Amino acid sequence: MTIDTAVAGQRERDLRNGGRELLSGDPLKMVPHVGQLLARPAWLLDFLRDGGMMKFPNVVIPGEGAMAYEDVGAALERSTVTWQDITWIRAAWQGPIVVKGVLGAGDARRALDAGADAIVVSNHGGRQLDCVAPTLLALPEVLDAVAGRAEVYLDGGIRRGSDIVKAIALGARAVLVGRAYAYGLGAAGGPGVGKAIEILRSGIVRTLRLLGCLEVTALDRSYVDGPDFPVSS
Ligand SMILES: Cc1cc2nc3c(=O)[nH]c(=O)nc-3n(C[C@H](O)[C@H](O)[C@H](O)COP(=O)(O)O)c2cc1C
């Protein structure tokens, strides 16, 4: 469950790209932006062949079917989500719940109280509220608050194996990857995703070897030094 998306962030590139206008269906609004689609005919063809704009089959609107991508922003703005919703989902869902978007001790404790089994320290890749903490800096506080009661994962800016090693050394159980795999997908489709994962995997191995560690379980906080992470021993 993502808890940092009460509304969409102000994504200025999206405004400039005219995504909203292109999705509006209003020809007058679309015209100024159509040129960028026509300039990329191969991409456009692929996009249309692939079914065009995605739908969300896990959000079913009675009488209409799966929610259309362009309706998500408005739906978010109409909804009010609180911690009680997680409590309600906890009662309805027997499987594990992972709460994503935690950046401090208070929210970490609330997530556990509401029944979360794991927490993702995430700032949504910097796509929601500008100027929030880098996740690596928020991680120690969250780990202290969780105190081993749940697994803690991290995402945001993972681009290299060494980024993963830093997060694991500071105590994350695992990391999540957003754009790194998407860049591979955009560049070369499925094989590009494989390549992106391989870059991360080999980067982990290389970093561990350079640190003199046989495996990730050998990592601890002492491997990350710097003003924000003073080495204690
Ligand atoms: C195109 C795009 C769409 C995303 N959509 C969602 C989403 O629907 N729900 C969500 O929790 N996070 C979403 N995220 C955020 C990612 O799950 C993740 O937190 C973030 O991308 C991590 O940062 P990174 O891209 O630097 O790895 C999205 C990210 C991108 C780039």
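The crossing of α7 and α8 is right-handed, a crossing being right-handed if the near helix is turned clockwise from the far one by less than a right angle, and left-handed if anticlockwise. Helices are DSSP runs of H or I with at least four residues, numbered from the N terminus. The model is a predicted one, in which local features need pLDDT of at least 70 and side-chain atom pairs count only at pLDDT 80 or more, while totals for chains, interfaces and linings use all residues. Residue numbers start from 1 along each chain as its sequence is written.

Helix α7 spans residues 105-113 and helix α8 residues 135-146; their axes, lines fitted to C-alpha atoms over the stretch in contact, come within 8 Å and cross at roughly 40°. The two helices are therefore oblique to each other, that is, neither under 35 degrees, over 145, nor 65 to 115, on a scale from 0 to 180 degrees between N-to-C directions. In α7, Ala105, Ala108, Arg109 and Leu112 meet Glu141, Val142, Asp144, Ala145 and Val146 of α8, contact meaning C-beta atoms, placed from the backbone, within 7 Å. This contact has six nonpolar, no polar and three charged residues (Ala, Val, Leu, Ile, Met, Phe, Trp, Tyr, Cys and Pro are nonpolar; Asp, Glu, Lys and Arg charged; the others, Gly among them, polar).

A second pair is formed by α9 (residues 161-169) and α10 (residues 179-211), whose axes come within 7 Å and cross at roughly 60°. These helices are therefore also oblique to each other, and α9 passes α10 in a right-handed crossing. From α9, Gly161, Ser162, Ile164 and Val165 meet residues of α10 that include Leu200, Arg201, Ile204 and Leu208. By class, five nonpolar, five polar and two charged residues make up the contact.

The domain assignment, automatic or from a database, gives domain 1 (12-78) and domain 2 (83-223). Their C-alpha centres lie 29 Å apart.

Around the ligand stand 14 residues, the closest being Thr2, Gly125, Asp155, Gly178 and Arg179, each counted if its C-beta atom, placed from the backbone, lies within 6 Å. The shell divides into three nonpolar, seven polar and four charged residues.

Terms used:
Contact = placed C-beta atoms within 7 Å.
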